[in-house]
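Hi,

Here is the structure I promised to pass on. Have a look at it first, and then read my notes below with the picture still open.

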Number of protein chains: 2
Amino acid sequence: MEACRSFVLRFAFFALLVVPEVRAGVLDNRIDQFQLGESCNLSDNLLQEIKGYQSIVNKIISRIVDGEFAGQTWESLAELVDTFGARLAGSEQLEKAIDYVVEQMQHDQLENVHTENATVPHWVRGYESAQLVTPFKRNLPMLGLGTSVGTPRGGIIADVIAVESFQEFEKLAAEQVKGKIVVFVPKWESYGKTVMYRSKGASVASKKGAVATLIRSVTPFSIGSPHTGGQDYEDGVKKIPSACITVEDAEMILRKYRRGEQMTIHLEMEDRNLEPVVSRNTIGELLGTTYTNSSVVVVSGHLDSWDVGVGAMDDGGGALISWKAVTFLKAMGLRAKRTIRAILWTAEEEGYWGARAYKEAHKQNEKKEFNFFFESDMGTFEPKGLDFVGNKDAECIFREIVKLMSPLNATDFATPTDGGPDITNWTTRGFPGSSLLNKNEKYFWFHHSSGDSMAVEDPKNLDKCVALWAAAAYVVADLSISMPKDVVD
Amino acid sequence: MEACRSFVLRFAFFALLVVPEVRAGVLDNRIDQFQLGESCNLSDNLLQEIKGYQSIVNKIISRIVDGEFAGQTWESLAELVDTFGARLAGSEQLEKAIDYVVEQMQHDQLENVHTENATVPHWVRGYESAQLVTPFKRNLPMLGLGTSVGTPRGGIIADVIAVESFQEFEKLAAEQVKGKIVVFVPKWESYGKTVMYRSKGASVASKKGAVATLIRSVTPFSIGSPHTGGQDYEDGVKKIPSACITVEDAEMILRKYRRGEQMTIHLEMEDRNLEPVVSRNTIGELLGTTYTNSSVVVVSGHLDSWDVGVGAMDDGGGALISWKAVTFLKAMGLRAKRTIRAILWTAEEEGYWGARAYKEAHKQNEKKEFNFFFESDMGTFEPKGLDFVGNKDAECIFREIVKLMSPLNATDFATPTDGGPDITNWTTRGFPGSSLLNKNEKYFWFHHSSGDSMAVEDPKNLDKCVALWAAAAYVVADLSISMPKDVVD
């Protein structure tokens, strides 16, 4: 946290904080450059070698989707989230969940099961309430945003200004804004575009003297639930409380404001930023036959979540398919040449604190240690394929591997991508990586809300995701050659 | 309320209370008996007369959907619900909203604008909270059910029993249930079937000594929001508190219970049943050229709502299309032979108290007074057509009228139906009636929840609904003959 105080580091922190959002924006617009893929010129030997994995891929898929492992991933995820609930960085539940996963990984006979420490932020939600008091009393369901300060005791009562965009807000004079609660009601465009109001709204409003901000929840669709998420104070601005309200209430407030109605809101938030604490990344492996602590293939998701819902989707599903991919490969007796390492990151939601600590701790030998990074953090709905980031040689190899996933009807390929939020710690520097493509059109309906529950997860789809994950990781880990990479120091 | 104490009347009350649910069940299963329709034998004169209305229907549709009235219904609905919010029977907001509609109807130059009194229940939601306290603390978002009693001061703390069905509950001995909070977690089948757990759960559980019931919200889809609604205590049972929790939490509790986990819930509800109060049905007319207070064609929806969300869908949309259909016909100078009467019912949600009072007050001359009843209370999404209840002769006429709605692509016809919840006061006794068929597949997603907001309503669809409503009402009101009926005394 201290490091954030210098401008450069603060900016880097902010960039990291918003990368998943930027990434979501990238995903919205990217093009499958398949025509480029056609220019690949892999040797016949390598092509034949990859094609030779089809039977083993088929076996992995068949045993996970239709065999003895079917349904196990959903059951394990349900037991995890039903037992520990939400898993906010800094919370006792997260640490208990980590202990439980360590125990379960040992029970699953994963190898080198251990945790590695990471210092993480410790923001806590206290009592929260927002109420429209003028022109009539109406409770406004809301969720304070991660890192938001609370209100003074007794709360803030202030008049409301409502705007649809930063452009509209810019036109307001500071004297119009001073002392007001600013309600930002951006239209949904994409997560990458719309989330900027959540991330930056408080800082933007504070500069003109606002006393608090309320932001339309960042979702394309709502049934009256607020969505939380992170936000960031720019250096030097006065830290004002910031929360999301529902889409429905935000739009109502904007309509009333535009009709010229005077509105007053009473906002109370006892949210606090406490001292950072030590959490842990959770690791379990299937050791390679030829390489043990080098050329590792990482499969990963994050175990932490926001404190609403239970984080079954974000990112319980990603964590579980990474852990269970290794479990099932081991149970099938499929040991690749390289080690497959499941990493369940901690404190992703607050800015990848677990992955950043892991990167630092493994930096010295990272080029030798890491071969490839998988990450699933955009849902585990029905899988469609895999995306990719890395150099052209690696891409050509990976395209062929994705073709093996035809029994799952999951051969979509997309590039470029940053490969997932946690693994951007490596993929933005030249390591190759991939994240799960899946039918996640409704992902943001549930994201960071009380709707993030087991009801979102389907047992058969989870089986397909874990089968894809296990098969792809196995092939990458067992190839005769390492994945090519051009790492920038 | 007193009348409910005798068994027969209480049963009648309960039947009325659940009729919309029964009706929804009927709707799920009914068949468009089109082949029967083919057996109609209308005179050529009448057929030609009905067909002759096509140009006027086209004009009504064109001016409402594409002309000067386009968008007005949505704007008026938004202003109503933004200004008064939810409109629970017995509340000050409902009465203020009624005053406002009277004023607006006068402004729209409707005729005979007035209200008629109805005594209505006055249940109020107080402070409510449910928390899982063992094995870990977790807030359970919930909504007490209409007519539910509160808990003793300080709430109830009790162990949990969770079951999926009444059948499963029947197998439990009273000593297993005594002193427990019973959580009913029925699978969604249809509203008509699943709502029985909400309506009857408390009575069923109370008979075996339960201290409270929590019920899975009655919706096929959820993003973490609880849904409220009415419930009914059977005569003689101890009245225990009853509330709905979210689908997500209910399913979690059932899974945990089935794993053998012991759970304790702390439930606090300050909900109370107060003395009944006087509310009002709101009425505005377009007088007939030939008949003024006889052979009236009623277009209706209810103005009251539950106290969560703002009742834009249930039933603001139905109320607005009824009111605005008359407004627009008047503004177009289209006066039919018969009077078209918009009625905005009060206190539908608690059991049609407004419609029941209206029926009693108009009973003496009802056969002469009423020609036909329209009601919209199942959404105002994109219209598909009209359903019908009444005798065969009326059905044959109405089928021809529905065919006129082809410019709206809304010529679906279905029968039998009870014609809508409020108008069952007449249609179950032989008066002909119709309710709006619309693309309401997602209706129960929002129903009785904080998701019932303007975000559900689309301006263009509302225009189409009001155009259909105005056109159909005009033709029925202007026909050379009254709609045939076989009224049971």
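What follows is a walk through what I found, from the whole chain down to one residue.

First, a caution: this is a predicted model, so please read everything below with that in mind.

**The whole chain**

Let's start with chain A. This chain has 17 helices and 16 strands. Its C-alpha atoms fill a box of roughly 75 × 45 × 40 Å along the principal axes. For 489 residues, a compact globule would have a radius of gyration near 23 Å, and chain A agrees because its own value is 23 Å. Of those 489 residues, 56% count as buried. Here's another number I liked: take the contacts in chain A between residues at least 6 apart in sequence, and 83% of them join residues at least 24 apart.

**The sheet in chain A**

Now look for an open sheet of eight strands in chain A, in the order 1-10-12-11-13-16-14-15 and with mixed pairing. Which strands stand at its edges? They are strand 1 (111-124) and strand 15 (412-414) of chain A; each has a single partner strand, so one side of each is left without a neighbour in the sheet. From one strand to the next, the twist averages 25 degrees.

In chain B, strand 10 (residues 272-286) and strand 12 (residues 340-345) run antiparallel, with five bridges between them. If you want a pair to click on, Thr282(B) has Leu344(B) in strand 12 as its bridge partner.

**How the two chains go together**

How is chain A laid on chain B? A turn of 180 degrees with a shift of 0.0 Å along the axis does it, and the RMSD is 0.0 Å. The two copies are therefore related as by a two-fold rotation axis. The same surface serves both copies, as 100% of the contact residues of chain A recur in chain B.

As for the contact itself, 26 residues of chain A are in contact with 26 residues of chain B. On the side of chain A that touches chain B, the elements giving two or more residues are helix 5 (72-84), helix 10 (247-258) and helix 16 (443-446) of chain A. Helix 10 of chain A gives the most, with six residues. Sorted by class, that side of chain A has ten nonpolar, ten polar and six charged residues.

Last stop: Arg198(B), which you'll find in helix 9 (residues 191-206) of chain B. Is Arg198(B) buried or exposed? It counts as buried, because it has 30 C-beta neighbours inside 10 Å, and the cut-off for buried is 20 or more. Leaving aside neighbours within four places in sequence, the contacts of Arg198(B) include Leu145(B), Ile215(B) and Cys244(B).

Cys244(B) takes us to strand 8 (residues 242-245) of chain B. Ser242(B) and Cys244(B) point one way from this strand, Ala243(B) and Ile245(B) point the other way, and all are buried. Strand 4 (residues 142-144) of chain B runs antiparallel to strand 8, with three bridges joining them, and Leu143(B) stands opposite Cys244(B). Strand 7 (residues 212-216) of chain B pairs with strand 8 in the parallel sense over four bridges; here Arg216(B) has Ile245(B) as its bridge partner.

Happy exploring!

Technical notes. Residues numbered from 1 in each chain as written. Chains lettered and ligands numbered in written order. Predicted model: local features only at pLDDT ≥ 70, side-chain atom pairs only at ≥ 80, totals over all residues. Pairing = 2+ DSSP bridges. Least-squares fit on C-alpha atoms with pLDDT ≥ 70 in both. Contact = placed C-beta atoms within 7 Å. Axes fitted to C-alpha atoms, helices over the stretch in contact; angles between N-to-C directions. Nonpolar A, V, L, I, M, F, W, Y, C, P; charged D, E, K, R; others polar. Rg over C-alpha atoms; globule rule 2.2 N^0.38 Å. Buried ≥ 20, exposed ≤ 12 C-beta atoms within 10 Å, placed from the backbone.
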